[in-house]
Amino acid sequence: MQKPVRGMIFIHSAPRALRAHIDWAVGGVLECALNLPWIAQPILPHAVRAEYAWEGPAGTGARLASALHEWPQARFEVVEESSPWQDGGRWMFTPSRGMHAAQTNRAGDIVLDENLLRLALAESQSAPAGLAERLRGLLGAGWDEELEVFRSAGDLGNLAWLHGVG
């Protein structure tokens, strides 16, 4: 029997109307009835966000990302932790960029495959200045930048807003 792995789902924003559909899709992958803990997404009116810790067989992260990909107006991340017997994974999706998938190590860092690095080097031979941008793409930097405002939105409730200062 395969040992289970753990992971997290971060739905950074989704239209309120999709809550039940996303619950059903995630529950289908995890083989359980599920009601995610939805809260308002302060960055986007009429949007919600949710986080959920999961456990399942290796590959569950990829199946969750595929299921969530069915709703292209949602923004999400799925993380599958690494274990002693396998690498982990991270999937990020935004409506403007689509999906980014990457292998991760025990620390949660993105690991770039040797062949990807060789390809990036080969493609940048004629334009060495493009290597940095190619590596940023492989690391998912654009996705991270776009999602960061949504990630930190959960902290907005802890902020003290100052009006009329000065």
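This is a predicted model: local features need pLDDT of at least 70, side-chain atom pairs count only at pLDDT 80 or more; totals for chains, interfaces and linings use all residues.
Leaving out residues up to four places away in sequence, Val78 touches Met8, Trp54, Gly61, Leu64, Ala65, Leu68, Gly89, Arg90 and Trp91.

Val78 also belongs to the largest nonpolar core, which holds 25 residues. Within this core, Ile11, Ile22, Val26, Leu68 and Val78 touch the most other members. Which elements give two or more residues to the core? They are E1, helix H1 (19-30), E3, H2, E4 and E5. There is a general pattern to keep in mind here. In soluble globular proteins, nonpolar side chains tend to be buried together.

## The sheet

How many strands form the open sheet? There are 7, and their order is E2-E3-E1-E4-E5-E6-E7. The pairing is antiparallel. Strand E2 (39-40) and strand E7 (110-111) stand at the edges. Each has a single partner strand, so one side of each is left without a neighbour in the sheet.

E5 pairs with strand E6 (residues 98-104) in the antiparallel sense, over 7 bridges. Gly88 has Thr104 as its bridge partner in E6. Thr94 has Gly98 as its bridge partner in E6. A hairpin of 3 residues joins E5 to E6.

E6 then pairs with E7, again in the antiparallel sense, over 2 bridges. The hairpin between E6 and E7 has 5 residues between the strands. In its turn, Gly108 has a positive phi of about 90 degrees.

## Helices on the sheet

Helix H2 (residues 60-68) lies across strand E1 (5-15), strand E3 (47-56), E4, E5 and E6. H2 runs at about 170 degrees to E4. H5 packs on the sheet too, and touches E1, E3, E4, E5 and E6. The direction of H5 makes about 80 degrees with that of E5.

Helix H5 covers residues 141-151, and Ala141 is part of it. Is Ala141 buried or exposed? Its relative accessibility is 16%, and buried means under 20%, so Ala141 counts as buried. Ala141 and His100 are 41 residues apart in sequence, yet their C-alpha atoms are 9.9 Å apart in space.

## Aromatic rings

The model has 1 aromatic pair. Why does the pair of Phe76 and Phe93 count as stacked? The ring centres are 5.4 Å apart and the planes are at 15 degrees, so the pair is stacked. The cut-off for stacking is planes under 30 degrees apart.

Phe76 lies in strand E4 (residues 75-80), and Phe93 lies in strand E5 (residues 88-94). The pair therefore ties together parts that are 17 residues apart in sequence. Phe76 is buried, with a relative accessible area of 1%. Phe93 is buried as well, at 4%.

The charged end of Arg97 sits over the ring of Trp143, 5.3 Å from the ring centre.

Notes. Residues are numbered from 1 along each chain as its sequence is written. Side-chain values use heavy atoms; hydrogens and water are left out. Rings of Phe, Tyr and Trp (its six-membered ring) pair if their centres lie within 6.5 Å; planes under 30 degrees apart count as stacked, over 60 as edge-to-face and the rest as tilted. Helices (H or I, at least four residues) and strands (E, at least two) are DSSP runs, numbered from the N terminus. Buried means under 20% relative accessible area, exposed over 50%, partly exposed in between (1.4 Å probe, protein chains only). A charge sits over a ring if NZ of Lys or CZ of Arg is within 6 Å of the ring centre and within 35 degrees of the ring normal. Two strands pair if DSSP finds at least two bridges between them. Contact means heavy atoms within 4.5 Å. Axes are lines fitted to C-alpha atoms, for helices over the stretch in contact, and angles run from 0 to 180 degrees between N-to-C directions. A nonpolar core is a set of buried Ala, Val, Leu, Ile, Met, Phe, Trp, Tyr and Cys residues joined through side-chain atoms within 4.5 Å.
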